[in-house]
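Okay, thanks for coming, everyone.

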Amino acid sequence: MTAPLLLTESFAERGARERARALLDPQSFRELIGPFERIASPYLAAQGVVPQSDDGTVVARGTIAGVRACVVATDGRFLGGSIGEIGGAKIAGALELARRDAQRGAPTRLVLALDTGGIRLQEANLGILAVSEICDAIVALRELMPVIAVIAGRVGVYGGLSLSTALCSEIIVSEGARVGLNGPDVVETESGIEEMDSSDRPLIWGVTGGRLRFRQGFASELVSDDVPAIRAAVERAFQAPNELGPLVAQAFPDPRLERDDFLRAMEIEL
Amino acid sequence: MSASVRGRAWFERLTGTARPVGGLPPSVLAADTTVDGHAVRAVAVVPDRSARFARARNGEMGIDEGFGVAAAVNGTPAGSAILAIVDVPGQAFGIREEAVGLQRALAASTQAYIRARRGGHPVLTLVVGKAISGAFLAHGLQGGWIGALDDAEIEIHVMSEAAVARVTRMERDDLARVAREIPATARDIRTFATFGAVDRIFAVSDPDAPSDADVAEVTRAFAEVLRTPELARRNPIERLDAPGALHTRALARRVRDELQAQWDV
């Protein structure tokens, strides 16, 4: 036997379509509202942005471990994976159809493979409405079956979608991904560079990185950036659910502490 | 930023002498009152100058506010409606909050409102001031019925103009022009209402210090809704069928239809 040429197959280096394909059983991938249907955002050109024919969100049907499934994946390389009218409707619509299937006794396993900075600023009002629908649909589907989030891209998940992700049954997170509400740019703009320096990568990963989120119990599994490892985690999540705890406050240091003392007290390395 | 007085003013006028719900942080107000004989738990987030998180002192939704609103909503007595009074300038922009996990705190209150509504509590929302971003998602936007004051101070958006300019690398002047041309980027309540999520807009004499007539008009509207409580139990998806949304959200409707048509082979 020859040694494999590559030790790992990166998930983060793939686009949304290839991530969806990677999570579904081989040859089972079927895209819905594919790029050739050209349902693209009509709001971007006037704001100096070239639209993308899938709007940066891919919905794919297929199977996971032989069971009917749907993966929704966002493309962190297109406008930061932001969610506007079309992408938002794709996510909310897939969640609602999965709920309909579960009610009919023919469940569809639903996976959200998100890589997104949040609501798309160029379509903000439509994005925030879509995210409110997504949150509602996640909570409704969870009454019937698990909803699994995979956060293993270059962006991670920020903004309204991080709130939605926290509503999922399980979150599978990679070390390279980040999970936070406000992006570092936004914290720096709103509160100053002494609050958060958006160029300080170790600090950003320290306070929002996958490793911290797993240690806090906010993610059910910490995976390496490796397709087989992530696939195995997704299969495990459906076969042996390990639901995240309830959304209640956990102990944290006194917020009046100086910033660095507070972070050290949380055992975050500076 | 000067802290807004509106949330507290409307909360106090609408709940009167009702006893406050205990065990909440000072920035989360809740009280059980009645409207036209219907039990209503009112919930508001207000500024607290001495809040322990420095970035959540102007009425922002932070760690304590997210979990506090969740506790207030989860504790709603059986049979009571919920009224979210909204004047939230945004979520807390702090590194301590990010480290602790602000997304979970805001998810907690979002989930509380969703479960309450889906569990049969009518959930009404009254937007009296700013309703921005994650803060609005977590406090107000899950209401089954949404009313708002007709006032230029009301701002609904996902990010401040300064931060939008930074993230999109657009000039402030260009952003203002775009907001006029593309309603999806506007920040005013009248434009937001065209997307079908706002059921009623109230013209009031003084949004900062509501008059007796202002309070009476709003209360009358609540009473009307509570007589047909299913109006305040509508799930967000139903907003897509609002008359305005047929045009303003036509693309979202088309995507839903296409997904359904292609879902099964």
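**A walk through chains A and B**

Let's start with what sits over one helix: the buried residues of α8(A) are covered by parts of chain A that include α1 (16-23), β2 (57-64), β4 (109-113), β5 (147-151), β6 (170-174) and β7 (221-223). Before I go on, please keep in mind that this is a predicted model.

So, which residues of α8(A) are the buried ones? They are Ile230(A), Arg231(A), Ala233(A), Val234(A), Ala237(A) and Phe238(A). If you look down the axis of α8(A), those buried residues fall within an arc of 160°, so they line one face of the helix. As for length, α8 of chain A runs over residues 227-239, and its 13 residues should span 18 Å at 1.5 Å a residue; the end C-alpha atoms are 18 Å apart, which agrees.

Ala113(A) sits in strand β4 of chain A. Why does Ala113(A) count as buried? Because it has 26 other C-beta atoms within 10 Å, where 20 or more is the cut-off. Setting aside neighbours within four places in sequence, the contacts of Ala113(A) are Arg19(A), Ala20(A), Leu23(A), Val71(A), Val72(A), Ala73(A) and Val150(A). Take Arg19(A): along the chain it is 94 residues from Ala113(A), yet their C-alpha atoms are separated by 7.7 Å.

Now for a bit of backbone. In general, most residues other than glycine have a negative phi. Ile33(A) has a positive one, near 50°, and Ala65(A), also not a glycine, has a positive phi of about 50°. Where are they? Ile33(A) is in the loop between β1 (30-32) and β2 of chain A, while Ala65(A) is in the loop between β2 and β3 (67-74) of chain A. Their surroundings are worth a look too. Ile33(A) is buried, with 23 other C-beta atoms within 10 Å, whereas Ala65(A) is partly exposed, with 13.

Let's zoom out to the whole of chain A. You'll find nine helices and seven strands there. The radius of gyration is 19 Å, close to the 18 Å that the globule rule gives for 270 residues, so chain A is as compact as a globular protein of that length. Its C-alpha atoms fill a box of roughly 50 × 50 × 45 Å along the principal axes. Of the 270 residues, 56% count as buried. And if you take the contacts in chain A with a separation of 6 or more, 72% are between residues 24 or more positions apart.

Over to chain B, then. It has 11 helices and seven strands. With 265 residues, a compact globule would have a radius of gyration near 18 Å, and chain B has 18 Å, which agrees. The box filled by the C-alpha atoms of chain B is roughly 50 × 40 × 40 Å, and 56% of its residues count as buried.

Chain B is divided into two pieces: domain 1 covers 6-234 and domain 2 covers 235-265. Their centres, taken over C-alpha atoms, are 26 Å apart. Domain 1 of chain B puts five residues into the contact and domain 2 puts in eight.

The helix I'd pick out in chain B is α2, residues 63-74. Its 12 residues reach 17 Å from the first C-alpha to the last, close to the 16 Å expected. How many of those residues are buried? The count is 11 of 12, so to speak a mostly covered helix. The cover over α2(B) includes β1 (28-35), β2 (38-45), β3 (81-88), α3 (95-100), α4 (102-118) and α5 (133-138) of chain B.

Last stop: where the two chains meet. Here 64 residues of chain B are in contact with 66 residues of chain A. On the chain B side, the elements that give two or more residues are α2, α3, α4, α5, α6 (161-168), α7 (172-181) and α11 (250-263). The largest share of that side, 11 residues, comes from α4(B). By class, the residues on the side of chain B that touches chain A divide into 36 nonpolar, 15 polar and 13 charged.

Terms used. Residues numbered from 1 in each chain as written. Chains lettered and ligands numbered in written order. Predicted model: local features only at pLDDT ≥ 70, side-chain atom pairs only at ≥ 80, totals over all residues. Helix = DSSP H or I, 4+ residues; strand = E, 2+ residues; numbered from the N terminus. Rg over C-alpha atoms; globule rule 2.2 N^0.38 Å. Expected span 1.5 Å × (residues − 1). Contact = placed C-beta atoms within 7 Å. Domains from an automatic or database assignment. Arc of directions from axis to C-beta. Nonpolar A, V, L, I, M, F, W, Y, C, P; charged D, E, K, R; others polar.
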